[in-house]
Amino acid sequence: MPPRKKTLGTMDSVFGDVKKIYGALQPALQDLAPQQLQSGLGKLDSAVMKGVQGYENVRNRIDDAEGQAMGKLAM
């Protein structure tokens, strides 16, 4: 596997793990956070979701560009 592809694959794997971990911890954070921090959890969730969407948009663009390049090479 080319180094760039390996690096992107590793980043994708790490990002997927972080999403799973945050998804598992998020309900516990809501249940266990002190009252003073409850309002901040909504902001944290919103920031995490924006990050997830941004990452997935970039990943999809990379996948699309790779697919187009491979298609052109096959011609």
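## Salt bridges

Two salt bridges are present in this predicted model. In one of them, D12 pairs with R59, and the closest N and O atoms are 3.2 Å apart. Because D12 belongs to helix α1 and R59 to helix α2, this contact ties together parts that are 47 residues apart in sequence. D12 is partly exposed, at a relative accessible area of 29%. R59 is likewise classed as partly exposed, with 27% relative accessibility.

K19 and E56 also meet through their side chains in a salt bridge, with an N to O distance of 2.6 Å. This pair links distant parts of the chain, with K19 in helix α1 and E56 in helix α2, 37 residues apart. K19 has a relative accessible area of 35% and is therefore partly exposed. For E56 the relative accessible area is 23%, so this residue is partly exposed.

## Aromatic pair

The structure contains one aromatic pair. Its members are F15 and Y55, which are stacked, with 3.9 Å centre to centre and 25° between the planes. The stacked class applies because planes under 30 degrees apart count as such. F15 lies in helix α1 and Y55 in helix α2, 40 residues apart, and the pair thus links distant parts of the chain.

Y55 has a relative accessibility of 17% and counts as buried, because the cut-off for that class is under 20% relative accessible area.

## Helix α2

Helix α2 comprises 40 residues. From its first C-alpha to its last it reaches 59 Å, close to the 58 Å expected at 1.5 Å a residue. A bend of about 25° occurs in α2 at L41.

L41 is also one of the buried residues of α2. D45, V52 and Y55 are buried in this helix as well.

## Nonpolar surface patch

A nonpolar patch on the surface is formed by L8, M11, V58 and I62, which together have about 320 Å² of accessible area. The elements contributing two or more residues to the patch are α1, spanning 3-32, and α2, spanning 35-74.

V58, one of the patch residues, is located in helix α2. This residue is partly exposed, with a relative accessible area of 44%.

Key:
Residues are numbered from 1 along each chain as its sequence is written. This is a predicted model: local features need pLDDT of at least 70, side-chain atom pairs count only at pLDDT 80 or more; totals for chains, interfaces and linings use all residues. Side-chain values use heavy atoms; hydrogens and water are left out. Patches are made of residues with over 30% relative accessible area and no salt bridge: like charges are joined within 9 Å, nonpolar side chains (Val, Leu, Ile, Met, Phe, Trp, Tyr) within 5 Å. Accessible areas come from the Shrake-Rupley method with a 1.4 Å probe; for residues, only the protein chains shown count as cover. A salt bridge is a side-chain nitrogen of Lys or Arg within 4 Å of a carboxyl oxygen of Asp or Glu. Helices (H or I, at least four residues) and strands (E, at least two) are DSSP runs, numbered from the N terminus. Buried means under 20% relative accessible area, exposed over 50%, partly exposed in between (1.4 Å probe, protein chains only). Rings of Phe, Tyr and Trp (its six-membered ring) pair if their centres lie within 6.5 Å; planes under 30 degrees apart count as stacked, over 60 as edge-to-face and the rest as tilted. The expected span of a helix is 1.5 Å times one less than its number of residues. The bend at a residue is the angle between axes fitted to the seven residues ending there and the seven starting there.
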